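Reader: I'd like to learn how to read the contact surfaces in a model like this one. Could you walk me through them?

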Protein chains: 2
Amino acid sequence: MRYPDHQKSKTREALLEHTAAHVKAKGFASSGVDAIAAAAGVTSGALYKHFSGKEDLFAALVSTQLERTALRFASVPANDAASAQKALAAYLSLAHVDHPEQGCALPSLTPEVARSGEAVRQAFQEGLLDVHAQIAKLTQSDAKAWSMISQCVGAVMLARAMNMDDARHKLLLAVKQEAATLLPGRGPARLKARQKPVTAELK
Amino acid sequence: MRYPDHQKSKTREALLEHTAAHVKAKGFASSGVDAIAAAAGVTSGALYKHFSGKEDLFAALVSTQLERTALRFASVPANDAASAQKALAAYLSLAHVDHPEQGCALPSLTPEVARSGEAVRQAFQEGLLDVHAQIAKLTQSDAKAWSMISQCVGAVMLARAMNMDDARHKLLLAVKQEAATLLPGRGPARLKARQKPVTAELK
DNA sequence: CTTTTTGGATAACGTTCGTTATCCTATGAC
DNA sequence: GTCATAGGATAACGAACGTTATCCAAAAAG
């Protein structure tokens, strides 16, 4: 071995790190291999030394990006409603909607994963189960965790496709309210707050 | 006028009708113009007589497809929990997950709409507001309608990207349960059914 | 029947695509 | 110092892309 093997080659890491933003913003199918490689400061020739093809890179990207999302929620302390709400509000923020390149991969890439090969789907499934495990620690219920994930991912995705800011704001605010009822401790209590639920603390 | 103008040209209708399945299944970016036109039994030359370009067709497709989704829920009678649950179960069914070409456009095309131009986004926004209006008639709450839509669209999309059927089933079942609590009349009642909520009637 | 024109098919255009082959260079091994 | 090679850049490949120009058939208008 003539090269430092134990450190895995820095450009492979650079590829995974710097191309994710480009792919999340433009979509995988619309991202050319040359453009993807350029986003990491290399050429497509270098890319093919580390990945067998475009889809192989996609699988690795999906894996690392979902790891990152899982990690994002792993740092939220369980049994702390305020912290969970804060994480929720951040995920459902206009900042997240306006900057897909820095955000979670789920609202950006999931339909393209569904159309991809087995390797990509496998990486996705594993990553999503990791995310679910973290959310379930907050909801204390597997079912509520799936509901929470579906709701938040769907809301960000739909908000991104709208073109009027006030409509986006309404959608995000509504889902912030409703998703919060999935957290333990704060049961729905819909009878008390039917007309105007309190949402002041939701950013 | 040498041609029957009042009937709008049948091939334009055929284009919108028969290409939607191809686009929903393969994605818009991955669908070539020739393949799209062939799906309607014509060539790309004919397509350009009816649409100014690929994205113009996409805008029209988004519009008609969301109209169809809105219509799908417009036929559900309000104040009828059983009918609403049935519609919910159909949307969250494995059949819907396994056949995107026949299903709702939202879980398939929304991220690509978000990356599209103003015309497509405008068509999307209008169509989504139509869908929301129909769902709100069932939930009797704008906020709950947004929550319901986000949750169902997200769940179908995520389920499609998974590669293990039992995991997909778990996700769909969970969201079926939780989304049902958004319907009026059947308040969450989580204390009573925390351990094993009744889901027998949910197909 | 002739004319006019609309809605198609056909073919070509310049790009861009994913991939591969080839060359180059810097580096660890000896 | 010499050599072997891993990891880059470069360039080319055929294929497919969206679009346009051109041609053609069919049908309404007179």
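Predicted model: local features only at pLDDT ≥ 70, side-chain atom pairs only at ≥ 80, totals over all residues.

Reader: Which element gives the most to the surface near DNA strand C?

Author: That is α3(B), with 4 residues. By class, the surface near DNA strand C has 7 nonpolar, 9 polar and 5 charged residues.

Reader: And which residues come nearest to DNA strand D?

Author: Of the 20 residues around DNA strand D, the nearest are Thr11(A), Gly45(A), Ala46(A), Gly32(B) and Gly53(B). At least two residues each are supplied by α3 of chain A and by α2 (33-39) and α3 of chain B. Here α3(A) gives the most, with 4 residues. The classes near DNA strand D are 6 nonpolar, 9 polar and 5 charged.

Reader: How should I read the contact between the two chains?

Author: The general idea first: interface size is often given as the accessible area lost when the parts come together. For this case, let's count residues instead.

Reader: How many residues does the contact take from chain A and from chain B?

Author: The contact takes 44 residues from chain A and 44 residues from chain B. On the chain B side, α7 (106-114), α8 (118-139), α9 (142-161) and α10 (165-180) each give two or more residues. The largest share of that side, 14 residues, comes from α9(B). The side of chain B that touches chain A divides into 21 nonpolar, 13 polar and 10 charged residues.

Conventions. Residues numbered from 1 in each chain as written. Chains lettered and ligands numbered in written order. Nonpolar A, V, L, I, M, F, W, Y, C, P; charged D, E, K, R; others polar. Contact = placed C-beta atoms within 7 Å. Near = placed C-beta within 6 Å.
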